[in-house]
Amino acid sequence: MTSTAGTLRVEAAVRRNPYTYMLTDGELTALLADLGRRRAESILRNHTAPEGKAPRGPYPRPAMGFVVLDPTAEAGTAPADAVLGAVTVGDEARRFLPKAAAKAAAHRRLGGDNGTPVHTDPHLLGTGAFRYGHSAEVRGMIVAASSQTTDQDLYEASRLAAELVEELGARHRAYEWSQGETDWLTGTGEIPDVYAEMVSWFPGPAAQERR
């Protein structure tokens with residue numbers, strides 16, 4: 001999805017959608033795009049602010065790349081498969097996505113921001129690691145950003161993460177009211193196969209009677 005905010009182009013895409021019980025892929029993409037437009041306004045304002053007016057210093061570029069991880073992904077999920085989606089702001093933002101991805105993957109693997117280990121614990125990095133942070137984790141939602149200074153990246157990532165968490169919470173509450181009392185977030189009320197399979201081995205009444 002492509003849109004504009006001010007003079008900055010915003011693009012958003014979804015790789016995996018863990019919220020299909022309440023949001024279609026298109027709706028989730030539109031949500032990411034909307035949050036991207038909010039970040040675009042902040043990026044443009046901080047990039048063009050008069051000297052001494054930007055709270056975290058002037059932003060070097062009118063562009064940023066964001067990578068959002070799926071907070072519901074299992075621990076053993078491969079990095080590429082753990083990506084919920086990505087957002088770019090500005091014409092030159094696409095080239096920053098791999099760096100944002102590296103920050104997000106390191107955050108997920110290490111359990112915290114990569115900005116500290118790059119200075120204190122290089123033994124945790126390994127060949128191919130990215131030598132910068134920062135990324136944000138808000139209530140389990142990891143978002144990484146790249147193109148500005150580390151503090152500026154962290155601020156913009158934290159805002160996108162916080163706003164995404166709040167928006168998803170609001171959508172979930174609306175879903176609950178539309179569905180009433182339900183056991184499963186499936187939209188159908190049926191038991192998901194993965195949980196049925198976990199206990200399918202347990203003897204049923206027929207098996208007990210044969211003993």
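**Figure 1. The surroundings of N114.** Leaving aside neighbours within four places in sequence, N114 is in contact with A106, L125, F130, Y132 and G133, where contact means heavy atoms within 4.5 Å. This is a predicted model, in which local features need pLDDT of at least 70 and side-chain atom pairs count only at pLDDT 80 or more, while totals for chains, interfaces and linings use all residues. Residues are numbered from 1 along each chain as its sequence is written, and side-chain values use heavy atoms, with hydrogens and water left out. N114 sits in the loop between α2 (97–110) and α3 (117–120); helices (H or I, at least four residues) and strands (E, at least two) are DSSP runs, numbered from the N terminus. Is N114 buried or exposed? With a relative accessible area of 2%, N114 is buried; buried means under 20% relative accessible area, exposed over 50%, and partly exposed in between, with a 1.4 Å probe and protein chains only.

**Figure 2. The cis peptide bond between G133 and H134.** Staying with G133, we come to the bond that joins G133 to H134: this peptide bond is cis, with omega about 10 degrees. For comparison, most peptide bonds are trans. H134 belongs to the loop between α3 and β5 (135–138).

Figure 3. Most residues other than glycine have a negative phi. R139 is not a glycine, yet its phi is positive, about 50 degrees. R139 lies in the loop between β5 and β6 (141–146), and at 68% relative accessibility R139 counts as exposed. S147 is not a glycine either, and has a positive phi of about 140 degrees. Look for S147 in the loop between β6 and α4. At 4% relative accessibility, S147 counts as buried.

**Figure 4. Helices α1 and α4 side by side.** The axes of helix α1 (residues 25–48) and helix α4 (residues 150–179) come within 10 Å and cross at roughly 150 degrees. Axes here are lines fitted to C-alpha atoms, for helices over the stretch in contact, and angles run from 0 to 180 degrees between N-to-C directions. The two helices α1 and α4 are therefore roughly antiparallel to each other; angles under 35 degrees count as roughly parallel, over 145 as roughly antiparallel, 65 to 115 as roughly perpendicular and the rest as oblique. The crossing of α1 and α4 is right-handed, a term used if the near helix is turned clockwise from the far one by less than a right angle, with left-handed for anticlockwise. On the α1 side, the contact is made by L31, L32, L35, R38, R39, S42, I43 and N46. On the α4 side, Y155, E156, R159, L160, E163, L164, E167, L168 and R171 take part. Sorted by class, the contact of α1 with α4 has 8 nonpolar, 2 polar and 7 charged residues. Ala, Val, Leu, Ile, Met, Phe, Trp, Tyr, Cys and Pro count as nonpolar, Asp, Glu, Lys and Arg as charged, and the others, Gly among them, as polar.

**Figure 5. Two of the aromatic pairs.** How many aromatic pairs does the structure hold? There are 4, with rings of Phe, Tyr and Trp (its six-membered ring) counted as a pair if their centres lie within 6.5 Å; planes under 30 degrees apart count as stacked, over 60 as edge-to-face and the rest as tilted. The ring centres of W184 and Y195 are 5.7 Å apart and their planes lie at 20 degrees, so this pair is stacked. W184 is in the loop between α4 and α5 (193–198) and Y195 is in helix α5, so the pair ties together parts that are 11 residues apart in sequence. W184 is partly exposed, with a relative accessible area of 29%, and Y195 counts as partly exposed at 44% relative accessibility. In the pair of W201 and F202, the ring centres are 5.6 Å apart and the planes are at 75 degrees, so the pair is edge-to-face. Both W201 and F202 are exposed.

**Figure 6. R94 and S146.** R94 lies in the loop between β4 (83–89) and α2. With a relative accessible area of 56%, R94 is exposed. R94 and S146 are 52 residues apart along the chain, and their C-alpha atoms are separated by 10 Å.
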